[in-house]
Amino acid sequence: MTSTSIASLFTALSWQPVSKAEFAQLTPDEQLKRIRHSSAHVLASAVQMIRPGVQFATGPATPTGFFYDMHFSAEHDDAQPLGEADLALLENTMRAIANRAAAFEVAQIEKSKAIELFQALNQPHKIEILERIEAPVITLYRHTLPPSADNQNDPGNRYFVDLCAGPHVPHTGLCKFAKPLTLSGAHWRGEEKPTLTRVAGTAWANDKDLNQYLKFLEASKNRDHRTLGPQLDLFSFHPWAMAPLWHPNGFILRQQLANFWREMTEAGGYVEIFNPLLYRKALYETSGHWDHFRENMFIFEGRQENDHAGCDHEQADQTIALKPMNCPDTMLYFKSSLRSYRDLPMRVAEGQILHRNEASGAIHGLMRTRSFIQDDAHLFLAPEHVQSEVASLLAMIDTTYRAFDLEYSLKLSTRPENYMGELAVWNQAEAGLKQALDNLGKPYDLDPGEGAFYGPKIDVYVLDSLGRQWQCGTVQLDFQLPERFELKYADADGSLKQPIVVHRAVFGSFERFIGILIEHVGGLFPTWLAPVQAAVLPIGEAQSGYAQAVMKALKDSKIRAVLMADGTLNARIRQAETQKIPHLLVLGAREAEQETVTARKSRQGGNQQVFTLAEFMEHINELVSRRVFDVTLERFDDLFRKPAAHLSTEDADY
RNA sequence: GCCCAUGUGGCGCAGAGGUAGCGCACCCCCUUGGUAAGGGGGAGGCCACGAGUUCGAAUCUCGUCAUGGGCACCA
């Protein structure tokens, strides 16, 4: 189709400008959402100017900006793939488009005409979208592009036109505070091919918010656990190691969290078991994981030497696999003897190392690793236990996240499409979870279809100081495993009944939680968690004897301390601050004389306080035993919560 | 796994078709210093790995591995 026919399609439509008056009435949040969506259009139009042959997929607003997915083709000169080096050019082009303050116009068009139009414009993805829309009439949005040598006579190029439900801002000038940031791949409708290029960026209502967001990005980069971890000597990565290597400092962190977990589970009436990592395939066939998740398991094929399988020697399948979760072998523990209703609720914890062969692209620092430990436990319950057990789990979750000053939200996920088992059983399980949540009184979200294949679940999302959400804790009901493992207990009347299993974790995986925590606190751990809690800094050699005595006293009191005696005092203080050690003890002639320490609470502008040594140790032990969160966080979460400044079109007009 | 990038001493970075440089850290010497870097000297890298092009490759090409930003995945 020629540009003339595009022109005739265009002129046949009634284009209406987006109402300025209506926009001015919107709440700041609604305005900002429109700015972001419109910025996606501005971005796309900028790409169209640079690569006229590009094909567009979709371009929505995101919580901080926008993206647009598009298809480039190395075979066409006018659709060459963009590289990261092109982002600057894109940004300038977007600014040029914004500076024109070109009106956004909307028109209604019959679906069949729209298909014709996008055929003429060579936009196959748009046609695909159109074909899925049922409405007979759809809307188009367009805005003009800055003039260039060759686009004035060709409406297909003079305008950027998009299939879009809207709504949009009145003109491109409102998208002035948008900035393209990243270039990445994306899949069209979840299919593997063809792969699209996603240009993503951020957009705000004004200069100040944009700059604050860019500052936030910088701060997140500085807090990245993959940078801080090695810097604080917590862990490191090596190409030959399939998972992070935990250094002594990192191991202390892990142990502290594990202790916290054990204290809570012991208090909650749990027992802890210790099972092997390797199991025969039959275990996973029984649990159902073999069918569903074999792809992600580390499997060892074939017959093992000197192996005496307990069953049929000739036929036994010797394929074994590293366990990717604790549940199946916990079922074996339950089955190891005949259980009575008097044993329930039975709460069984297991924190063994798990291995999952994650896709290479899924691996991410500590957040997704191929080997990790969960603060896992399984509950075996009679139906009447469900509500109270889930309620006490929700209480445990609350205690835990409070200890880290982490806000959280709850989400109930219900039956997915690939569910196992019977519908009636599912409904019963979901009703139990709902009841416990309703009794809690805390608001929660519902996420239909996102449950595990074996049961519905409550997921816990924490909100860190950078305003990001992470899934950590989980409470999952399971009616499938008891069925598959034929779990039974003898009820009061002597009849055999099937228990309900609950899978639960509070931290999720320790690896992931530590990653979140590092970024949440920016490496400034509360005293109870800090790998090194105190640095001892004798001013001169004359104090070395006293420093030794202080070190010994601290050690006897189980306080983790290091002696820093070499170099100038200033340099040592800087070093200790850089290592984010919470307490610095400066020891000079005065302190040695009076058996005191001058403690500098680090990371808080160098406040000093003189303690007797005994007082100081008592102070630290108090912080530790009560697990006090003695950290002042630099927060950025407000950036994502506060309503954007109100914006009328007049303010942004120029 | 997919798309696009990246890979230079422990860490952070420069450089570049003729066989490597800076800062921090490290080691030694001097300095014993009251709250965020005292001074001097030294050691350390076949520029991720493999192949190709070239008289010559760390630099160009291809492949592999790893990492990063996303996508897909996440029992």
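This is a predicted model: local features need pLDDT of at least 70, side-chain atom pairs count only at pLDDT 80 or more; totals for chains, interfaces and linings use all residues.
Local features are given at pLDDT of at least 70 and side-chain atom pairs at pLDDT 80 or more, whereas totals for chains, interfaces and linings use all residues. Residues are numbered from 1 along each chain as its sequence is written, and chains are lettered from A in the order in which they are written.

**View 1. Chain A as a whole.**
Chain A contains 22 helices and 30 strands; helices (H or I, at least four residues) and strands (E, at least two) are DSSP runs numbered from the N terminus. The C-alpha trace spans about 85 × 75 × 50 Å along its principal axes. Of the 654 residues in chain A, 38% count as buried. A residue is called buried if 20 or more other C-beta atoms lie within 10 Å of its own, exposed if 12 or fewer do, and partly exposed in between, with C-beta atoms placed from the backbone. Among contacts in chain A with a separation of 6 or more, 73% are between residues 24 or more positions apart; a contact here is a pair of residues whose C-beta atoms, placed from the backbone, lie within 7 Å.

RNA strand B is surrounded by 55 residues, and the closest are Ser184, Gly185, Ser360, Gly361 and Gly588. A residue is near the strand if its C-beta atom, placed from the backbone, lies within 6 Å of it. Elements that give two or more residues to this surface include strand S7 (178–187), strand S8 (195–203), helix H12 (289–293) and helix H20 (589–594). Helix H19 (569–578) is also one of these elements, and H19 supplies the largest share, seven residues. By class, the surface has 20 nonpolar, 23 polar and twelve charged residues. Ala, Val, Leu, Ile, Met, Phe, Trp, Tyr, Cys and Pro count as nonpolar, Asp, Glu, Lys and Arg as charged, and the others, Gly among them, as polar.

**View 2. Helix H3 and its surroundings.**
Helix H3 covers residues 28–50, 23 residues in number, and reaches 32 Å from its first C-alpha to its last. This is close to the expected 33 Å, where the expected span is 1.5 Å times one less than the number of residues. Because 18 of its 23 residues are buried, H3 is largely enclosed by the rest of the structure.

**View 3. Strands S29 and S30.**
S29 and S30 run antiparallel and are joined by six bridges; two strands pair if DSSP finds at least two bridges between them. Arg600 has Gln608 of S30 as its bridge partner. Strand S30 (residues 607–612) is hardly covered, and the count of buried residues among its six is zero.

**View 4. An open sheet of three strands.**
The strand order is S12-S14-S13, and the pairing is antiparallel. Strand S12 (278–280) and strand S13 (299–300) are at the edges with a single partner strand each, so one side of each has no neighbour in the sheet. Three bridges link S12 to strand S14 (residues 320–322), and Ala321 in S14 is the bridge partner of Tyr279.

**View 5. The largest nonpolar core.**
This core has 86 residues, of which Ala535, Val536, Val550, Leu585 and Leu587 touch the most other members. Helix H17 (residues 510–521) gives the most to the core, with seven residues. A nonpolar core is a set of buried Ala, Val, Leu, Ile, Met, Phe, Trp, Tyr and Cys residues joined through C-beta atoms within 7 Å. Beyond its neighbours within four places in sequence, Leu585 is in contact with residues including Ala534, Leu537, Val597 and Ala599. A second, separate core of 54 residues includes Ile35, Phe160, Ala178 and Val199.

**View 6. Two cis peptide bonds.**
The bond from Gly166 to Pro167 is cis, with omega near -5°. Pro167 sits in the loop between strand S6 (159–163) and S7. The bond from Leu344 to Pro345 is likewise cis, with omega near -5°, and Pro345 sits in the loop between strand S15 (339–340) and strand S16 (346–350).

Phi of Ala101 is near 50°. Ala101 belongs to the loop between helix H4 (87–99) and strand S4 (105–110) and is partly exposed, with 17 other C-beta atoms within 10 Å. Lys558 has a phi of about 65° and lies in the loop between helix H18 (544–556) and strand S27 (561–563). Lys558 is exposed, with 11 other C-beta atoms within 10 Å.

Methods. Two residues are in contact if their C-beta atoms, placed from the backbone, lie within 7 Å.
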